[in-house]
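The explanation starts from a single loop residue and then widens to the chain and its helices.

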Amino acid sequence: MNTRSILIAAVVAAAGTPAFAAPHEGGAFVHDYDSNHDGQVTRAEFDAVRVTRFKATDANGDGWVSEDEYVGEYAARLEKQLAESSLTEEKKTEERQRQIRQAHVRFNVLDKDKDGKMAQVEYDASGARAFAEQDADKDGIVTAADVQATNARMAAMRAKTDS
Ligand SMILES: [Ca+2]
Ligand SMILES: [Ca+2]
Ligand SMILES: [Ca+2]
């Protein structure tokens, strides 16, 4: 490979990296839930945001979230992110389809008893799992250091599966 083709390969590789940060990425965790901006997320802060989000997602206010409500709430947040992103329209369409497909998959995982309704208790159970997963040192508070440790652990797990 000459210098020029190496350069082209590097540019192509850079273009292939996602310009679009997944909403479930670590840095977003502290950002999303740290209501008093002290750099750490307590369980109380986390739960308060989750309760608000569940209520907002339950668009018709009947106490449970349907698949349409769940995907609808997610799609609205996704559109905001896409509007701010620098992706081309074509890439945005691709990303939208991929993310919406995953939202349907997530709903079905959350809806443990498969009645098509996600109750607050099912939503809370998934939240508790997510919080525990991020809290790497298990002191009940998620800091940026916890998130980094969790990301490193997951990257190591992925590397193992890939090899
Ligand atoms: Ca905080
Ligand atoms: Ca509902
Ligand atoms: Ca912690």
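Lys 138 sits in the loop between H6 and strand E4 (141-143), where helices (H or I, at least four residues) and strands (E, at least two) are DSSP runs numbered from the N terminus. Although Lys 138 is not a glycine, its phi is positive, at about 55°. Most residues other than glycine have a negative phi.

This is a predicted model, in which local features need pLDDT of at least 70 and side-chain atom pairs count only at pLDDT 80 or more, while totals for chains, interfaces and linings use all residues. Residues are numbered from 1 along each chain as its sequence is written, and chains are lettered from A and ligands numbered from 1 in the order in which they are written.

His 37 also has a positive phi of about 55° without being a glycine, and its place is the loop between helix H2 (26-33) and strand E1 (40-42). With 8 other C-beta atoms within 10 Å, His 37 is exposed.

Taken as a whole, the chain has 7 helices and 4 strands, which follow one another from the N terminus as α-α-β-α-β-α-α-β-α-β-α. Of its 163 residues, 12% count as buried. Among the contacts with a separation of 6 or more, 50% join residues 24 or more positions apart, two residues being in contact if their C-beta atoms, placed from the backbone, lie within 7 Å.

Val 41, in strand E1, is buried, since 26 other C-beta atoms lie within 10 Å. Leaving aside neighbours within four places in sequence, Val 41 is in contact with Val 30, Tyr 33, Asp 34, Phe 46, Ile 141 and Val 142. The C-alpha atoms of Val 41 and Asp 135 are separated by 9.5 Å, although these residues are 94 residues apart along the chain.

Helix H6 (residues 120-134) has 15 residues and should span 21 Å at 1.5 Å a residue, which agrees with the 21 Å between its end C-alpha atoms; the expected span is 1.5 Å times one less than the number of residues. In H6, the residues Tyr 123, Gly 127, Phe 131 and Gln 134 are buried. They cover an arc of only 75° around the axis, so they lie on the same side of H6, the arc being that of the directions from the helix axis to the C-beta atoms. On the other side of H6, Val 121 and Arg 129 are exposed.

How do helix H3 and H6 pack, in terms of the angle and of the distance between their axes? Helix H3 (residues 43-57) and H6 pack at an angle of about 145°, with their axes 11 Å apart; axes are lines fitted to C-alpha atoms, for helices over the stretch in contact, and angles run from 0 to 180 degrees between N-to-C directions. The contact is made by Arg 43, Phe 46, Arg 50 and Phe 54 of H3 together with Gln 120, Tyr 123, Asp 124, Gly 127 and Phe 131 of H6.

How values were computed. Buried ≥ 20, exposed ≤ 12 C-beta atoms within 10 Å, placed from the backbone.
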